[in-house]
Amino acid sequence: MHASKGDRLVVHGRTVGQKDHAVEIIEVLGEHGDPPYRVRAEDGHESIMSPGPDSVVQHHKSTRSRTIR
């Protein structure tokens with residue numbers, strides 16, 4: 001799993017009826033985008049996570065435009 005600052009980490013619910021939990025990655029503490037990650041939840045709570053197999057990274061789209069030649 002590789003991530004960058006600004007990406008979202010989504011942890012899927014593990015039981016029926018449990019909602020997914022999404023947080024923003026605010027710092028990558030591992031090398032080359034590897035975990036652990038410092039994350040911030042929507043309520044402002046910050047923590048350090050090493051996500052498991054029930055997690056996925058949604059990569060932040062770059063706002064830079066590319067010039068086509």
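Q: What does the side chain of D7 reach at 2.8 Å?
A: Happy to start there, with a reminder that this is a predicted model. The D7 side chain comes to 2.8 Å from the backbone nitrogen of S4.

Q: Where is D7 found, and is D7 buried or exposed?
A: D7 lies in the segment before β1. D7 is buried, yet no salt bridge is found for this residue. A salt bridge needs a side-chain nitrogen of Lys or Arg within 4 Å of a carboxyl oxygen, and the nearest side chain of opposite charge, R8, is 9.3 Å away.

Q: Which residues does D7 touch, leaving aside those up to four places away in sequence?
A: D7 touches V23, E24, I25, V57, Q58, H59 and H60.

Q: How do β1, β2 and β3 pair?
A: Strand β1 (residues 8–11) pairs with β2 (residues 21–28) in the antiparallel sense, over four bridges. L9 stands opposite V23 in β2. Strand β3 (residues 37–40) also pairs with β2 in the antiparallel sense, again over four bridges. Here E27 stands opposite R38 in β3.

Q: Which residues make up the largest nonpolar core?
A: The general idea is that in soluble globular proteins, nonpolar side chains tend to be buried together. In this model the largest nonpolar core has ten residues: A3, L9, V11, V23, I25, Y37, V39, A41, M49 and V57. At least two residues of this core come from each of β1, β2 and β3.

Q: What does A3 touch, not counting residues up to four places away in sequence?
A: A3 touches I25, V28, G33, Y37, V57 and H59.

Note on methods. Residues numbered from 1 in each chain as written. Predicted model: local features only at pLDDT ≥ 70, side-chain atom pairs only at ≥ 80, totals over all residues. Heavy atoms only, no water. Pairing = 2+ DSSP bridges. Core = buried A, V, L, I, M, F, W, Y, C linked by side-chain atoms within 4.5 Å. Buried < 20%, exposed > 50% of the residue type's maximum accessible area, 1.4 Å probe, protein only. Contact = heavy atoms within 4.5 Å. Lys, Arg positive; Asp, Glu negative; His and termini not counted. Polar contact = N/O pair within 3.5 Å; in protein donor to acceptor, adjacent residues only side chain to side chain.
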